[in-house]
Amino acid sequence: MSDYKAALYPGDGIGPEVIREAVKVVEAAMNKVGAKITFKELDWGCRNWKSSGKVVPDDYLTILQDYEVILLGALGDPANVPDPIATAPILEIRQTFDQFVNLRPARLWPGVDSPLKDKKEGSIDLMVVRENSEGEYFDSGALFKKDTPGETAIHTSIHTRKGVERIMDYAFDLARKRRKKLTLGTKSNALRTTMVMWDRILVEKMEQNPDIQTDKCYVDSLCMNFVLMPEVYDVVVTTNLFGDILSDLAGAVVGSLGVNPSANLNPTRKYPSLFEPVHGSAPDIAGTGKANPIAAILTGAMMYDFLGEPDAAALIRRAVRENLIEGKVRTPDLKGTATTTQVGDDIAARVEKLS
């Protein structure tokens, strides 16, 4: 029997609520396939800020190193802790563990209404592949003459050939497993150094992958197209910043960020990979029972895909699909009245009944 070790990092806001339901479902799925996953819950987050001045212990990266995967809820409590402090761990985890692939699927599920006209189940099914270790989120800036009329902020965007090549290689391989279509989200008409390098490397990779239908699109036009014709896209590869923006837009056009999972991967498995729902900590609804746990539950399915447990992942997706088709047990973001716990219980029960 396979036995996996997973770190459980519920975090802030609605994080602990959605992660609790995700654990119910992923454990039920693992039991069904005759394997085991052992979670170690980590009591980290903004609630510790006032007492310790820290959101994570000093050795938190060393602690996480011992696990194959990390399941994260959400980070952030802006009313009490500055965002750069609250969210620093996720950036440090991604970069320290070289989680250079950020996968963000956007799929229109049955029973979920897209804000776009006449879109049906499965008509939108795309994957944003976001470079996750460098680009605009690399901490390479400085602030001069703060709070004076001459205050100046500088931030340098870092892009390396190694970083661009490996994310494109991953995206081409992923496209080969899907519908064999790849689009580069670029902005080389304005960013004439960094994005021109991305464009050049794309041409090289196109020559190495002639079986993949490949194009590029300026990111502003890509945003427009995600609204006008999202169904034409399969795999979209892009930079850290552009990927962050595009994936939120993609989440909106499939009806709710409450159903969108994501993964931060180190494909070499030298370091742990981290899995998190796309939505944030939503402190305004924390503790109300309104949070949708489906994104966290589907994040668990992505985690099982990565661990090599596709049967467990498939059980989770089938149970989510059944829940959404029936439409009786759903949270307010999907026009329902059920609580976070009720949705988690319903999906876990469906997993247990599936063969």
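This is a predicted model. Start at S188. Leaving aside neighbours within four places in sequence, S188 is in contact with M195, V196, D199, K216 and Y218. Where does S188 sit? Find the loop between strand 8 (181-186) and helix 7 (194-208), and you will find S188 there. Is S188 buried or exposed? Its relative accessible area is 10%. The cut-off for buried is under 20%, so S188 is buried. Now look for W198. S188 and W198 are 10 residues apart in sequence, and their C-alpha atoms are 8.2 Å apart in space.

Next, go to strand 1, which covers residues 3-11. Two of its residues are worth a stop. A7 has a relative accessibility of 0%, so A7 counts as buried. What does A7 touch? Not counting residues up to four places away in sequence, A7 touches K40, L42, L64, Y67, V69, I70 and L71. Now compare sequence with space. A7 and S281 are 274 residues apart in sequence, yet 19 Å separates their C-alpha atoms.

Move along to P10. Its relative accessibility is 5%, so P10 counts as buried. Again leave aside neighbours within four places in sequence. P10 is then in contact with G15, P16, I19, E41, L42, G73 and A74. P10 and L71 are 61 residues apart along the chain, but their C-alpha atoms are separated by 7.7 Å.

Helix 1 spans residues 15-32, and E21 lies in it.

Now turn to the backbone. Most residues other than glycine have a negative phi. D147 is not a glycine, yet its phi is positive, near 60 degrees. D147 lies in the loop between strand 6 (141-144) and strand 7 (152-155). Its relative accessibility is 66%, and exposed means over 50%, so D147 counts as exposed. R269 is the other case. It has a positive phi of about 65 degrees, although it is not a glycine. Look for R269 in the loop between strand 11 and strand 12.

How much volume does the largest pocket have? The value is about 630 Å³. It is lined by 23 residues, and the closest to its centre are M127, R178, M302, D305 and R317. Several elements each supply at least two lining residues: strand 4 (101-107), strand 5 (125-131), helix 6 (161-177), strand 11 (261-265) and helix 10 (294-307). What classes of residue make up this lining? There are 15 nonpolar residues, one polar residue and seven charged residues.

The second largest pocket holds about 460 Å³ of space. Of its 22 lining residues, L75, T87, E276, V278 and G280 are the closest to its centre. Strand 3 (69-74), helix 5 (88-96), helix 9 (240-253) and strand 12 (273-277) each give at least two residues to this lining. Helix 5 supplies the largest share, three residues. By class, this lining has 10 nonpolar, five polar and seven charged residues.

Finally, step back to the whole chain. How many helices and strands does it have? The chain has 12 helices and 12 strands. Its radius of gyration is 20 Å, close to the 20 Å that the globule rule gives for 355 residues, so the chain is as compact as a globular protein of that length. Along its principal axes, the C-alpha trace spans about 55 × 55 × 40 Å. Of the 355 residues, 52% count as buried. Residues 24 or more positions apart account for 74% of them. The surface comes last. The chain exposes about 15600 Å², and carbon and sulfur atoms supply 53% of that area.

How values were computed
Residues numbered from 1 in each chain as written. Predicted model: local features only at pLDDT ≥ 70, side-chain atom pairs only at ≥ 80, totals over all residues. Heavy atoms only, no water. 1 Å grid on protein atoms, 1.4 Å probe; cavity = no way out; pocket = protein on both sides within 12 Å on 5 of 7 lines; lining within 4 Å. Points joined across faces, edges and corners; volume = space filled by probe spheres on them. Helix = DSSP H or I, 4+ residues; strand = E, 2+ residues; numbered from the N terminus. Nonpolar A, V, L, I, M, F, W, Y, C, P; charged D, E, K, R; others polar. Rg over C-alpha atoms; globule rule 2.2 N^0.38 Å. Buried < 20%, exposed > 50% of the residue type's maximum accessible area, 1.4 Å probe, protein only. Contact = heavy atoms within 4.5 Å. Areas by Shrake-Rupley, 256 points an atom, 1.4 Å probe, with all protein chains shown as cover.
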